[in-house]
Amino acid sequence: EKPPPNTAPPFAAQEAPKAEVPLPQIPAEPPRPEPFDAGAEASEEDLQVAEGEAKVAKDMAALLEQPFSKQKKALKAIRLQWHPDKNPE
């Protein structure tokens with residue numbers, strides 16, 4: 001005689017179907033601003049503005065790559081560097 005197949009007793013607890021909980025959607029990263037592009041006929045002031053914007057964009061990109069715990073300190077350093085009271089020009 002063959003043993004009966006493995007079947008759960010009729011009183012065994014059956015698992016209730018699991019309801020799927022939707023995961024929160026992470027919004028797409030917004031596009032990063034591009035620095036001002038001074039053309040060939042740009043004035044000296046326009047070239048200085050373009051250079052400053054390029055430096056700030058580079059610093060901000062480096063800031064975003066740092067861990068969140070260090071971003072606040074790095075942002076404060078950038079703000080102090082470009083603060084008008086610290087740079088009278």
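Q: Which hand does the crossing have where α1 passes α2, left-handed or right-handed?
A: Right-handed. That label goes to a near helix turned clockwise from the far one by less than a right angle, and left-handed to one turned anticlockwise. This is a predicted model, where local features need pLDDT of at least 70 and side-chain atom pairs pLDDT 80 or more, while totals for chains, interfaces and linings use all residues. Residues are numbered from 1 along each chain as its sequence is written, and side-chain values use heavy atoms, leaving out hydrogens and water.

Q: What makes α1 and α2 roughly antiparallel?
A: Their axes (lines fitted to C-alpha atoms over the stretch in contact, with angles of 0 to 180 degrees between N-to-C directions) cross at roughly 165° and come within 9 Å. Over 145 degrees is roughly antiparallel, under 35 roughly parallel, 65 to 115 roughly perpendicular and the rest oblique, so the pair counts as roughly antiparallel.

Q: How many helices and strands are there?
A: Two helices and zero strands, taken as DSSP runs (H or I, at least four residues; E, at least two).

Q: Which residues of α1 and α2 meet?
A: On α1, G52, K55, V56, D59, M60, L63 and L64; on α2, Q71, A74, L75, I78, Q81 and W82. Contact means heavy atoms within 4.5 Å.

Q: Why is Q71 called buried?
A: Its relative accessibility is 18%, and buried means under 20%, exposed over 50%, partly exposed in between (1.4 Å probe, protein chains only). Q71 sits in α2 (residues 68-82) and, beyond its neighbours within four places in sequence, touches L63, L64 and Q66. Buried residues make up 9% of the 89 in the protein.

Q: What makes K55 and D59 a salt bridge?
A: Their N to O distance is 3.3 Å, and the cut-off is a Lys or Arg side-chain nitrogen within 4 Å of an Asp or Glu carboxyl oxygen. The structure holds one salt bridge. K55 and D59 are four residues apart in α1 (residues 44-65), about one helical turn. K55, at 37%, is partly exposed.
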